[in-house]
Amino acid sequence: MDLPHVNWNYPTAIKVGPGRIAELPELCAGLGMRRPLIVTDPGIAALPMLERVLAACGDAGLACAVFHDIKGNPTEANVSAGVRAFRGGGHDGVVAFGGGSALDAGKAIALMAGQDRPLWDFEDEGDNYRRVRVEGMAPVVAVPTTAGTGSEVGRVAVITDEQARLKRLIFHPRIMPAAVILDAALTTGLPAKVTAATGMDALSHCLEAYCSPMYHPMAAGIALEGMRLIHHHLPRVVADGEDLAARHHMLVASCMGATAFQRGLGAMHALAHPLGALYDAHHGLLNAILMPYVVQANAQAIRAPLAALARYLALPAASAEGVQAWILSLRERIGIPHTLSAIGLDDSEAERVGRMAAADPSAATNPVPLDAGQYAALFRAAVAGRLDEKPAAAKA
């Protein structure tokens, strides 16, 4: 199957197709970069593919350096270290290269490169983004190597506040990368477990955006098609990581999910954010495990859109129950655990998790309003695997 090379400009300039990483030097130069800082994670920093990228940039006359001091859930300390590396090396742009952690950290470093306020001053609250000195922001090219977060087209960077044990969303409209390369060939070496967890993260973005009560028909349509791509290609790519066509479609679906969640997210992310901060667990895996519990909690409010989704996916049962059965079957097929306890979480901090989830920005667009106690109960159910337990006080 020939995979097309196409150029998209929604929501930003996106270069799509295997092998298009070769265009990175040209993209950097077009954005005025002569000394880009490549922000990645320690795993990718050790791979031959990054060596090849550095060599190609060097051959094109770009003086690159690599910063890779980034945790799986990037922290303010990681961002501060990256800013020091950026300023110390006289860099003029960022190439965010890797999974969601590298993309979020890279965007935050580019934002902070020319600011004189602390990072948390730009948290996504009210009009904090107006505090940003836009002329101090550095341009970003994003190159995702996982199909999950879609951070390459996001207007926020998710950064962990270690002192408060809290994930904070750093927002600015221009934090979105100026150019993106979606090259599926860069994702073929991803292990099956990471492929499964990141793929389910993409599904969580599409599903929560699709079920959001916000009015945004374009985002709803993008989410729907993203879920169709995931339905057909996630099992394939977990079974065969060298399936380039499936990798390609999953990378596109991931980008679509993050484009769609302009419509909002919901309880999956409202819970996953505090759990990631408190337990340092993988964000995509958390969403994957939480998914059916949240679908059940929201079921009465989303029966109609789920039935439409079931028809679009041609599921055996065109109903909300049919979607839930599909989610459970898909998770089992690709090796996602059924409970949070299976990945080492307990419910000892359930009340704190509930309060943090209720306060998370993602909670605002959950189809069913849930309070802190209901979020705590939902978390306990996901720890114990009590999927048949209905949310006692859910407000319709």
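Figure 1. Asp-280 lies in the loop that joins helix H9 (267-279) to helix H10 (283-298), where helices (H or I, at least four residues) and strands (E, at least two) are DSSP runs numbered from the N terminus. Although Asp-280 is not a glycine, its phi is positive, at about 55 degrees. Asp-280 is partly exposed, with a relative accessible area of 47%; here buried means under 20% relative accessible area, exposed means over 50%, and partly exposed is in between (1.4 Å probe, protein chains only). Ala-314, placed in the loop between H11 and H12, is a residue other than glycine with a positive phi near 55 degrees. Ala-314 is exposed, with a relative accessible area of 64%. The views are taken from a predicted model, in which local features need pLDDT of at least 70 and side-chain atom pairs count only at pLDDT 80 or more, while totals for chains, interfaces and linings use all residues. Residues are numbered from 1 along each chain as its sequence is written, and side-chain values use heavy atoms, with hydrogens and water left out.

**Figure 2. Confidence along the chain and the stretch 391-396.** The mean pLDDT of the chain is 95, and 98% of its residues reach 70 or more, pLDDT being the predictor's confidence in each residue, from 0 to 100. Over residues 391-396, by contrast, pLDDT stays under 50. For this stretch the model has nine contacts beyond four places in sequence, a contact meaning heavy atoms within 4.5 Å.

**Figure 3. The packing of helix H6 against helix H11.** Two packed helices are described by the angle between their axes and the distance between the axes. Helix H6 (residues 192-211) and helix H11 (residues 303-312) pack at an angle of about 130 degrees, and their axes are 10 Å apart. H6 is therefore oblique to H11, since angles under 35 degrees count as roughly parallel, over 145 as roughly antiparallel, 65 to 115 as roughly perpendicular and the rest as oblique. The axes are lines fitted to C-alpha atoms, for helices over the stretch in contact, and the angles run from 0 to 180 degrees between N-to-C directions. From H6, Leu-207, Tyr-210 and Cys-211 meet Pro-305, Leu-306, Ala-308 and Leu-309 of H11. By class, the contact of H6 with H11 has seven nonpolar, no polar and no charged residues; Ala, Val, Leu, Ile, Met, Phe, Trp, Tyr, Cys and Pro count as nonpolar, Asp, Glu, Lys and Arg as charged, and the others, Gly among them, as polar.

**Figure 4. Thr-198, a buried residue of helix H6.** Thr-198 is found in helix H6 and counts as buried at 7% relative accessibility. Not counting residues up to four places away in sequence, Thr-198 touches Thr-146, Ala-147, Gly-148, Leu-190 and His-282.

Figure 5. The structure holds zero disulfides, a disulfide being a pair of cysteine sulfur atoms within 2.5 Å. Cys-28 is in no disulfide, and the nearest cysteine sulfur, that of Cys-57, is 5.5 Å away. Cys-28 is buried, with a relative accessible area of 0%. Cys-64 is likewise in no disulfide, the nearest cysteine sulfur being that of Cys-57, 4.0 Å away, and at 25% relative accessibility Cys-64 counts as partly exposed. Val-141, in strand S6 (residues 140-144), is buried, with a relative accessible area of 0%. Not counting residues up to four places away in sequence, Val-141 touches several residues, among them Cys-28, Leu-24, Leu-27, Met-33 and Ala-179.

Figure 6. Leu-345 has its place in the loop between helix H12 (320-334) and helix H13 (350-359), and is buried, with a relative accessible area of 5%. Leaving aside neighbours within four places in sequence, Leu-345 is in contact with Leu-275, Tyr-279, Leu-286, Leu-340, Phe-379 and Val-383. Leu-345 and Leu-275 are 70 residues apart along the chain, and their C-alpha atoms are separated by 8.9 Å. Gly-264 lies in the loop between helix H8 (244-260) and H9, and is buried, with a relative accessible area of 13%. Beyond its neighbours within four places in sequence, Gly-264 is in contact with Glu-208, Ala-209, Ser-212 and Thr-365.
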